[in-house]
Amino acid sequence: MIILGIETSCDETAVALYSQSSGLIDHKVYSQAKLHARYGGVVPELASRDHISKLLPLFKALIKKNNISLEKLSAVAYTKGPGLAGALLVGAAFANSIATALKIPSIGIHHLEGHLLSPFLTSSPPQMPFIALLVSGGHTQLMQVNDIGKYVLLGETLDDAAGEAFDKSAKLLGLDYPGGAHLALLAEAGLPRYPLPRPILNDKTLNFSFSGLKTAVLMLTKKEKLTKKVKADIAASFQNAITEVLVKKTIAALQITNINNLVVAGGVGANKFLRKNLNKAARNNGFKLFYPPLEFCTDNAAMIAYAGYQRFSKNKHYQIKKTFSVRPRWKLQTISQN
Ligand code: KG4
Ligand code: ZN
């Protein structure tokens, strides 16, 4: 059984092949980051158009490189949501066209389920149940994963996502989009000497709020003379503040649920300072940590193909669809188990 995975929810065009017998065969990601950089953020219409021009060549290259004949495909999994409506539609239309032509099922996957299951693409996956800290450009959630399709939302951001806060703060410091990784690099040379807020750190819920932190960075950038050193110090102060909140709430989630496996997924999960602090917390609090490899932390289709494989294995009765839709806003805790 080979599942083709397609991911186009935001600014990465990605394709992957996952095999029941040999695991991930291969995957390819094309990032649109350069296209959007000059606008300081993702431009949805440009994203959709770029997916249209890149998806077919990427798919053809993947199939050719791995010498896979199309008849070998058992199903096509694609990101159905959440994400940018136009971008999602490109992937959905492409996936459903291939599925219709080959008379195989298409499976609409929740993007965050893909992120949650990405550690299973490694040779030492976590045991269920586990807590997932999902920190991406669009989402910040603490999720209890009991089984495939059984997800309990423990807490989430009330406003900006962690990645969004990184990107907005980076922009205020004059860094290119997407600024998360650039800000992290700058922070390495800085001192965390500014007392930035740790929003709702002690509010007893597992929710987050990062828009106030970003506003505090805005105020600082207006007040200070922005030398290279000052920018590095602001970056370090921001990274310290956001990390402290993420780590503290994550430890609380593990303690409340009495679960001792933690998965960190999503683009911000690549942040070295966050990892260092989570590693320290794991040693002090006795929990096990699982990070997907960096290439599976950020958006990719391997995780979508894997989620599709899991769903298809559980339920072979996926229908060959005549119509399809996407769900730009879709809550993970509402998805079905099959
Ligand atoms: O999961 P992802 O690739 O896409 C979404 O689904 O959003 O996450 C992208 C986010 C961006 O906000 C990016 O700035 C952030 O992850 N990011 C980082 C780092 N690498 C990527 N944030 C902080 N430190 C990093 N090293
Ligand atoms: Zn993502």
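**Salt bridges in a predicted model**

Q: Is Lys54 buried, exposed or partly exposed?
A: In this predicted model, Lys54 has a relative accessibility of 25% and therefore counts as partly exposed.

Q: Which residue forms a salt bridge with Lys54?
A: The partner is Asp50, and the closest N and O atoms of the two residues are 2.9 Å apart. Asp50 has a relative accessible area of 12%, so this residue is buried.

Q: Where do Asp50 and Lys54 lie?
A: Both belong to helix α2 (residues 44-65), where 4 residues, about one turn of the helix, separate them.

Q: How many salt bridges does the count come to?
A: The count comes to 12.

Q: Moving on, what do the side chains of Lys214 and Asp160 meet in?
A: They meet in a salt bridge, at 3.1 Å from N to O. Lys214 is in helix α7 (residues 211-223) and Asp160 in the loop between β8 (150-156) and α5 (162-172), so the pair links distant parts of the chain, 54 residues apart.

Q: Are those two buried or exposed?
A: Lys214 counts as buried because its relative accessibility is 17%, under the 20% limit. Asp160 also counts as buried, at 7%.

Q: And Glu188 with Lys272, what distance separates N and O there?
A: That salt bridge has an N to O distance of 3.9 Å. Glu188 lies in the loop between α6 (180-187) and α7, and Lys272 in helix α9 (residues 272-285), so the pair ties together parts 84 residues apart in sequence. Both Glu188 and Lys272 are exposed.

Q: Which residues do salt bridges with shared partners join into one network?
A: The network consists of Asp160, Glu164, Lys168 and Lys214.

Note on methods: Residues numbered from 1 in each chain as written. Chains lettered and ligands numbered in written order. Predicted model: local features only at pLDDT ≥ 70, side-chain atom pairs only at ≥ 80, totals over all residues. Heavy atoms only, no water. Salt bridge = Lys/Arg side-chain N within 4 Å of Asp/Glu carboxyl O. Helix = DSSP H or I, 4+ residues; strand = E, 2+ residues; numbered from the N terminus. Buried < 20%, exposed > 50% of the residue type's maximum accessible area, 1.4 Å probe, protein only.
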